[in-house]
Amino acid sequence: MSRSSSQSSDEEPRKCFCGVPVIFLKSWTENNPGRGFETCRCSSSGNKVDGCNYFRWVDKPQTNWQKEVINNLITEMNQLLCDRTMLKDKVKFLMDERNKELVDVDEDHGLDVVEDGKRDAAGSSKNKFRCISMPICVVVGLIILFIKFFS
């Protein structure tokens with residue numbers, strides 16, 4: 001459990017009006033993004049007991065600039081998470097399409113794909129395989145770099 005900075009480690013934990021040690025939480029509302037507060041353990045969300053509704057901000061109020069920056073960062077982070085999910089779906093789609101094309105090439109040429117990905121026929125589809133897979137590998141590589149850079 002986190003304690004407020006005004007409370008030293010050898011003090012007893014701060015208690016609410018119920019006499020129960022308070023819990024430390026962070027607000028993620030638009031008006032108080034990332035701001036710490038203490039509240040009654042019994043009145044926290046998900047609890048059936050109402051508690052005493054004790055509440056105290058631990059941090060100083062934020063300036064409008066701080067609120068704006070934090071909210072913009074949260075918005076950008078959520079957008080990046082959506083973009084990452086979309087790119088992962090795109091990579092999966094491209095991999096599925098590549099696998100379909102490989103099966104189509106194999107069916108067109110009467111070749112069987114062995115488990116390790118090598119062809120049974122003596123490399124007759126080797127160049128076609130490279131022509132299909134190289135652009136896909138480049139795209140997938142760029143997408144992976146983009147995901148790693150922004151996550």
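Me: Helices (H or I, at least four residues) and strands (E, at least two) are DSSP runs, numbered from the N terminus. Where is the place of Lys-15?

Reply: Lys-15 sits in the segment before strand 1 (23–27). Please note that this is a predicted model, in which local features need pLDDT of at least 70, side-chain atom pairs count only at pLDDT 80 or more, and totals for chains, interfaces and linings use all residues. Residues are numbered from 1 along each chain as its sequence is written, and side-chain values use heavy atoms, with hydrogens and water left out.

Me: What is the relative accessible area of Lys-15?

Reply: The value is 40%, so Lys-15 is partly exposed. Buried means under 20% relative accessible area, exposed means over 50%, and partly exposed lies in between (1.4 Å probe, protein chains only).

Me: Which residues is Lys-15 in contact with, leaving aside neighbours within four places in sequence?

Reply: Lys-15 touches Val-20, Pro-21 and Val-22, where contact means heavy atoms within 4.5 Å. The C-alpha atom of Lys-15 is also 9.1 Å from that of Tyr-54, although the two residues are 39 residues apart along the chain.

Me: On to the sheet. What is the order of its strands?

Reply: The order is 1-2-3, in an open sheet of 3 strands with antiparallel pairing. Two strands pair if DSSP finds at least two bridges between them. Strand 1 and strand 3 are the edge strands, each pairing on one side only. On average, neighbouring strands are turned by 30 degrees against each other, direction ignored. For that angle, axes are lines fitted to C-alpha atoms (for helices over the stretch in contact), and angles run from 0 to 180 degrees between N-to-C directions.

Me: Over how many bridges do strand 1 and strand 2 pair?

Reply: Over 5 bridges, in the antiparallel sense.

Me: Why is strand 2 largely enclosed by the rest of the structure?

Reply: Because 5 of the 5 residues of strand 2 (residues 35–39) are buried. Arg-35, Phe-37 and Thr-39 point one way from the strand, while Gly-36 and Glu-38 point the other way.

Me: Is Glu-38 itself buried or exposed?

Reply: Glu-38 is buried, with a relative accessible area of 3%.

Me: How many salt bridges are found in the whole structure?

Reply: The search finds 4. A salt bridge is a side-chain nitrogen of Lys or Arg within 4 Å of a carboxyl oxygen of Asp or Glu.

Me: What do the side chains of Glu-38 and Arg-14 meet in?

Reply: They meet in a salt bridge of 2.8 Å, N to O. Glu-38 is in strand 2 and Arg-14 in the segment before strand 1, so this pair ties together parts that are 24 residues apart in sequence. Arg-14 counts as partly exposed, at 25% relative accessibility.

Me: What does Arg-56 form with Glu-38?

Reply: Another salt bridge, with the closest N and O atoms 3.2 Å apart. That pair links distant parts of the chain, Arg-56 in strand 3 and Glu-38 in strand 2, 18 residues apart. Arg-56 is partly exposed, with a relative accessible area of 27%.

Me: And the helix 1 pair: how far are Glu-97 and Lys-100 separated, in helical turns?

Reply: About one helical turn, because they are 3 residues apart in helix 1. Glu-97 counts as partly exposed at 27% relative accessibility. As for shared partners, salt bridges join Arg-14, Glu-38 and Arg-56 into one network.

Me: Last topic. Which residues make the nonpolar surface patch?

Reply: Leu-80, Phe-146, Phe-149 and Phe-150 make a patch of about 390 Å². Helix 2 (residues 126–150) provides the largest share, 3 residues. Leu-80 belongs to helix 1 (residues 64–109) and is partly exposed at 31% relative accessibility. Patches are made of residues with over 30% relative accessible area and no salt bridge, like charges being joined within 9 Å and nonpolar side chains (Val, Leu, Ile, Met, Phe, Trp, Tyr) within 5 Å. Accessible areas come from the Shrake-Rupley method with a 1.4 Å probe, and for residues only the protein chains shown count as cover.
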